[in-house]
Amino acid sequence: MLTRAAVCSPDAHQKDLRTEALAELSGFRSDFYACLTARADELFELTEALLCTAGPVTTLVDLAPAPEHRRGHGALYGGLNQGRIEISRFRRALAGLPLPRAAGGRLVLAVDVSPWLRPDAATSPSRSFCHTYGRSKDQHLMIPGWPYSVIAALETGRTSWTQVLDALRLAAVTAAQVRALLIRLIEAGQWRPGDPDILLVFDAGYDLPCLAFLLVARH
C-alpha cells in the first residue's frame with residue numbers, strides 16, 4: 001500500500017513528467033548533434049553556450065568563456081567558418097517533436113515575417129529593404145536587412161511561447177516552405193487522415209489569394 005501510494009502521489013507524477021521531459025530533451029540533443037556534419041563538437045558547444053548565456057549575446061567573444069564552451073577562441077571561429085549542418089535533417093527533427101494542440105487536437109501553424117536588420121552590413125549579399133514599425137519616434141522606416149518567413153506552432157490561451165518549426169528567407173517561395181513543412185509533419189505522424197484540418201494563420205502582409213492558389217495548384 002505504501003509503495004502504491006508513493007507511485008500515485010503528486011510528487012511522483014511531477015517526477016514522471018520531469019523524467020519524460022528530460023528524455024525528450026536528451027533525444028532532441030542527440031538528433032541535433034547528428035545533424036552537424038563538420039566540426040560537430042564545436043558547433044554543439046557553441047549552440048549550448050548561446051542558449052545558456054544570461055542576457056543578449058552581442059559578440060562571439062562573449063561565448064568563448066561560457067562554461068558550456070570548453071574550447072578556445074580558435075575553435076570557435078573554426079567551427080563557424082568550416083562547420084556544417086544538414087538543414088533538411090534538422091527540419092525533420094523539429095517536425096518530430098511533441099507539438100502544442102488547439103481544441104479538438106488541431107494543429108495551428110502561424111506564418112509571419114520577421115526581419116533581421118543589417119543596415120551596416122554593406123557587403124552582405126541579398127539584402128533587401130525591410131518595413132519596420134514604431135522606430136525613431138514612431139516612424140515606419142525601410143531598413144536594409146533580410147526578411148525571414150517564420151512558421152510556428154501555436155498553443156491555446158494567452159501566451160508568448162511558440163514552437164518555431166521553420167525559418168526561411170522571404171526570397172524563397174512561402175508556399176513551397178509551407179508545403180514542405182506540412183509534408184514533414186505528416187511524415188512524422190503529427191497529422192493523420194480523419195484529424196481536423198490544419199489551420200494556417202498568415203500575417204496581414206501576405207497575398208492570401210495567391211498563396212491559396214499556389215498551395216492548391218500543387219496539392
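Start by selecting Arg71 and Glu45: their side chains meet in a salt bridge, with N and O 2.5 Å apart. The term salt bridge here means a side-chain nitrogen of Lys or Arg within 4 Å of a carboxyl oxygen of Asp or Glu. Arg71 sits in the loop between H3 and helix H4 (73-82) while Glu45 belongs to helix H3, so the pair ties together parts that are 26 residues apart in sequence. Helices (H or I, at least four residues) and strands (E, at least two) are DSSP runs, numbered from the N terminus.

Before moving on, a word about what is on your screen. This is a predicted model, in which local features need pLDDT of at least 70 and side-chain atom pairs count only at pLDDT 80 or more, whereas totals for chains, interfaces and linings use all residues. Residues are numbered from 1 along each chain as its sequence is written, and side-chain values use heavy atoms, with hydrogens and water left out.

Now colour the pair by accessibility. Is Glu45 buried or exposed? Glu45 is buried, at 4% relative accessibility, and Arg71 is partly exposed, at 31%. Buried stands for under 20% relative accessible area, exposed for over 50%, and partly exposed for what lies in between (1.4 Å probe, protein chains only).

Leaving aside neighbours within four places in sequence, you will find Glu68, His69, Arg70 and Arg71.

Next, select Arg29 and Glu48. What joins them? A salt bridge does, its closest N and O atoms being 2.0 Å apart. This one also connects distant parts of the chain, with Arg29 in helix H2 (residues 10-35) and Glu48 in helix H3 (residues 40-52), 19 residues apart. Both ends are partly exposed: Arg29 has a relative accessibility of 35%, and Glu48 has 22%.

For the last stop, select Arg91 and Asp166, whose side chains form a salt bridge at 2.8 Å, N to O. Arg91 and Asp166 are both buried.

How many salt bridges does the model hold by this rule? The count comes to six.

Terms used. Contact means heavy atoms within 4.5 Å.
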